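Colleague: I would like to learn how to read the features of a fold in a model such as this one. Could we go through them one at a time?

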Amino acid sequence: MNLVLSSWFSVLGSWFSVPGSWFSVLSSRFLVLGSWFLVLGSWFLEYHHTPVLLAEVVAGLLPRPGGRYIDGTVGGGGHAAAILEASSPNGRLLGIDCDPAALAAAAARLAPYGDRVTLVRGSFREIGQLAATSGFAQVEGVVLDLGVSSYQLDMPERGFSFQSHAPLDMRFDPDALVTAAHLVNDLPEQELADLIFRYGEERGSRRIARAIVEARQRKPLTTTDELAAIVSRALGGQRGRIHPATRTFQALRIAVNDELASLEAALPQIVNLLVPGGRMAIIAFHSLEDRIVKHTLRAEAQAGRLRIITRKPVEASVEEQRANPRSRSARLRVAERVL
Ligand SMILES: C[S@@+](CC[C@H](N)C(=O)[O-])C[C@H]1O[C@@H](n2cnc3c(N)ncnc32)[C@H](O)[C@@H]1O
């Protein structure tokens, strides 16, 4: 939109560009306005994501000069940049993400840190192997900031948001084989209901699955708004503040990306990567994730491998929640490797 406005003003600007006349004054005004919109436009197209609990992650990991760190969900590099700052001048960081768009954004954001940064594409599900092959087999700290970034939510074509007309995709890794469209069109009704119940904690899962199956018998479902409308109708429309499709979309996203299994696989590998005294900081955004983190850290603590630093999960301050609504559901847990 801004880009369209920008080029429109620029065209107008050059059209009025008759030297020496008052037109040329007008022309330069339009050109200034044009470039202003161009800047605004590219700003909107850039990676937009405010890292949550930033100070708390740094306080939890205690980065120090010369330390080695891994950000397993590097996204736009917000947490990574803070860790690199705090471990200046020679701390090193490995950033992992399965989304090439996120990695490109991280590369741009972290360029000032030069060879202190290594970026690799992959899933944190294989964090042990990715770390070993990148020269980070033993580290002082690991962060995971789970879930979807604002940037991914804001890109309609990724299909994460029910607020836009977009393909039913929801893959973090655009090369992964299964999309949300596959699940809603191919799963038997019972499996669909179970998936929506288990990953969305949605009590109306049976009604939703029934409505989806009825709709797909007429024609396959292809777009996010189509699905959101079906879910909304099945649940009798919006009642509270939250859109009725929120839980169903969460469930599909978790299933498409096999998020819970990836987290369960990653946590013990992270413990293995830490040197004694090294720390892990995990930010979860819903109770299913947080439960896995809590139970794994507790089991590792009982086995004598970890010391839990955060007895209760750390939540965002009122100010942060006001400034960044996404932080409202964030829960940070920190633990330290013991031996
Ligand atoms: C909430 S964002 C992280 C934002 C980042 N902390 C920042 O400050 O910009 C989560 C990122 O994790 C990535 N992601 C999700 N699941 C992943 C997985 N299994 N392996 C690697 N990256 C993953 C997503 O692509 C997304 O870029």
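Modeller: Let us begin with burial: a residue is buried if 20 or more other C-beta atoms lie within 10 Å of its own, with C-beta atoms placed from the backbone. In this predicted model, 43% of the 339 residues of the chain count as buried.

Colleague: Which residues touch the most other members of the largest nonpolar core?

Modeller: In soluble globular proteins, nonpolar side chains tend to be buried together. Here the largest nonpolar core has 53 residues, and Ile70, Ile270 and Ile283 touch the most other members. A second, separate core of 29 residues includes Val148, Ala193, Ile212 and Ala228.

Colleague: In what order do the seven strands form the open sheet?

Modeller: Strands of a sheet pair through backbone hydrogen bonds, either parallel or antiparallel. In this chain the order is E3-E2-E1-E4-E5-E7-E6, and the pairing is mixed. Strand E3 (117-121) and strand E6 (306-308) stand at the edges with a single partner strand each, so one side of each is left without a neighbour in the sheet. From one strand to the next, the twist averages 20 degrees.

Colleague: How many bridges join E6 and E7, and in which sense do these strands pair?

Modeller: E6 and strand E7 (residues 331-337) pair in the antiparallel sense over three bridges, and arginine 307 stands opposite glutamate 336 in E7. Helix H14 (residues 287-302) packs on the sheet, where H14 touches strand E5 (274-284), E6 and E7, and the direction of H14 makes about 125 degrees with that of E6.

Technical notes:
Residues numbered from 1 in each chain as written. Predicted model: local features only at pLDDT ≥ 70, side-chain atom pairs only at ≥ 80, totals over all residues. Core = buried A, V, L, I, M, F, W, Y, C linked by C-beta atoms within 7 Å. Buried ≥ 20, exposed ≤ 12 C-beta atoms within 10 Å, placed from the backbone. Pairing = 2+ DSSP bridges. Helix = DSSP H or I, 4+ residues; strand = E, 2+ residues; numbered from the N terminus. Axes fitted to C-alpha atoms, helices over the stretch in contact; angles between N-to-C directions. Contact = placed C-beta atoms within 7 Å.
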